[in-house]
Amino acid sequence: MKINTIISSLSAVTVISLLIGLCACNGSGKTTKPDSVPGVNTDATGKILSDEEAATKASLEIAKSVEQEQEAFKAKYKTYEEFEKSEDFNKIVHKENFPNGKYIVNGDTPIADKKHLREYFEKIFAMKPKPPVKEGAQELILFRVGGVDVKWSRLDKKALSYCVSTAFGSQHQQVVDAMAQATKAWEAVADVGFIYLPSEDANCNTGNSKVLFDVNPVSGQNYLARAFFPNESRIGRNVMIDQSSFDLGPGKLTLTGILRHELGHVLGFRHEHTRPGGAASCFEDNDWRTVAGNGIDLLSVMMYPQCNKDKQGQQDWSLRLTETDKQGVACVYGPSAGYPFDKTICIDPPAPAPVNKGIPTTNSFTNQKVKLGQDRVYGPYPVIPGSILTVDMTGKKSSEDPDLYVAFGSQPVVASGKFACRPFLTGPNESCKLDVPANKQDAYVLVNGSTSATYNLKVQRERSQ
Ligand SMILES: [Zn+2]
C-alpha cells in the first residue's frame, strides 16, 4: 500500500464503523475497506497533493467525520445504559459464558470488568483520533492507561510462570509445545522470562496462585484465543484457547503464531492495526504509546493478518516477530543477553537497575472506612528509585467497592487520571505492583469509595538506610 492509499482508507473512519466494523481474528482474510477513495490526494482544484499535504487533508477529514458520527451516536444513545441494552451492544461486545468470563472487544481484547467496559465505551464516544503518521520508522505499541505504561515490574518480567491445563486432554502436548515456541520468540530478544510449571497442570485455574497465569481450553467463543494485560489481577490472568484454534486450515494461521500474538498482549502490547495508518476498519482506540519510531508495522505479530496487507498487497499469516517487534519489546523490557540492540532508538528506554538496596518496610492499616465518593489518602512513603512497591487492598464484603490508586511524586488525582496504578475492579480486593521510576522518591496511596466500604491496606516498599 502506498502512503496515499493508507491515508485514503483512514478518511473513511467513523465512530460507528469503529465500533461495529472491527476485525475479528477469524481468519476470513477480508478487509472491508476499498483500497482508495477518489479525491483524497487532490485538492479542490484537482491539483495533486504531496504526501504531507494529503496527510494534513486526511487528518482534517477524519476529525470532521468522527465528530459527525459522535453526534449521531449521542443522538441514538443518551446514556451508556441505553447503549448497553441495544442490539448494537451485542454486536460489538462478546461476553464469555463461563465462570469469571470477561467481555471481549476488537476480536480478542479482554475487558476484565463491567466498570472497565463502561469506561472503555465512554472513552470511545468522546475520542478524537490521533493524526495519521507517515510511513517510515516502525514499532510496536504499548498499552497505556492514565498516562502510565501497562507492563510487568522488574521482578515479575523474569518470572512469568504458567501452567497448561490437563483439560486440553489429547491436545495438551500440542499446547505445551506451541507455548514453548511462542514464549521462546519473545525471550530471544527481550529481558523477559516465561516459566512453565507442569506440576500445576492438574490444578491449572485462576485460583492457583503458584503460577502467574493459566492456559485453558474453551469452545464456542468468537475468538481463536485471547489473553490478558499486565495490569490484571490473578483472577483475570488466563490465556483461553478456543477449540477452533485446533482446526485451522493449512497455510494460514498456526497455534504457535496465535500464541505469539497472545503473549504480545500478555507483555502489554496492543494491536498494531489500531494505530492510524492501519486498515481503517481495524482502528480501536488511542490508549497506547509508541515505544520507538513513529509508524505502523504492517507485518507486526500484533497486527491481525486480515488487516495487514503489505506494500505489494500480500498478507502474512505467520504472526512472527518482525525486526521492529523485536526492537520494541527490547525497548520496554531491555534486550535479552543475546540480542544486539541499540537502545538510542527507544523513545523511553527502561530504567536502569537500582544501585543500592533499601530496607524492606511494610505499613499496614486495618479496618479502614471510606464513604461513597470519598477519597482517603495515605503517604507520602519514601521509596527508592528502581525498587519495587507493592500495595494490597483487601476486604470481606464483595458488595463493597473501594477503588485503589497509587501515584509517585504527588498524590493520585482520580478525575485527571494522575496515577501510576488503578486496578478499578468491582469488589474490595485490588493490588498494585510497581517499579519505582528513576526520578521519584515518594509514593502515595489513595482509596476512593465507589460505595461506602471497609478494607485493609498493606504498603510494602524499600526505604533508604
Ligand atoms: Zn489480539
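Two strands pair if DSSP finds at least two bridges between them. Strands themselves (E, at least two residues) and helices (H or I, at least four) are DSSP runs, numbered from the N terminus. Before you click, know that this is a predicted model: local features need pLDDT of at least 70, side-chain atom pairs count only at pLDDT 80 or more, and totals for chains, interfaces and linings use all residues. Residues are numbered from 1 along each chain as its sequence is written.

**Stop one: a pair of strands**

Select strand S15 (residues 402-408) and strand S17 (residues 442-449): seven bridges join them, and they run antiparallel. Zoom in on Tyr405, whose bridge partner in S17 is Leu446.

**Stop two: the largest core**

A nonpolar core here is a set of buried Ala, Val, Leu, Ile, Met, Phe, Trp, Tyr and Cys residues joined through C-beta atoms within 7 Å. The largest one has 68 residues, and Leu142, Tyr162, Trp186, Val215, Ala225, Leu259 and Val329 have the most contacts inside it. Among the elements that give two or more residues to this core are strand S4 (141-145), helix H7 (172-187), strand S8 (213-218), strand S10 (238-242) and H9. H7 gives the most, with six residues.

Now pick Ala225. Setting aside neighbours within four places in sequence, its contacts include Val239, Ile241, Ile258 and Leu259; two residues are in contact if their C-beta atoms, placed from the backbone, lie within 7 Å.

**Stop three: S10 and its partners**

Colour S10. Four of its five residues are buried, so the strand is largely enclosed by the rest of the structure. S8 pairs with S10 in the parallel sense over five bridges, and Val215 stands opposite Val239. Strand S9 (residues 225-226) runs antiparallel to S10, joined by two bridges; look for Arg226 opposite Met240.

**Stop four: helix H9**

Go to residues 323-333. Why is helix H9 largely enclosed by the rest of the structure? Because ten of its eleven residues are buried, including Thr324, Asp325, Cys331 and Tyr333. Step just past the helix to Gly334, which takes a positive phi of about 85 degrees.

**Stop five: a three-strand sheet**

Next comes an open sheet of three strands in the order S1-S2-S3, with antiparallel pairing. Strand S1 (94-95) and strand S3 (109-111) are the edges, each pairing on one side only. Three bridges link S2 and S3, and Tyr103 has Ile111 in S3 as its bridge partner.

**Last stop: confidence**

Colour by pLDDT, the predictor's confidence in each residue, from 0 to 100. The chain averages 79, with 75% of the residues scoring at least 70. Residues 1-40 fall below 50, and this stretch has 101 contacts in the model beyond near neighbours in sequence. Residues 131-138 also stay under 50, with 30 contacts beyond four places in sequence.

Key: Buried ≥ 20, exposed ≤ 12 C-beta atoms within 10 Å, placed from the backbone.
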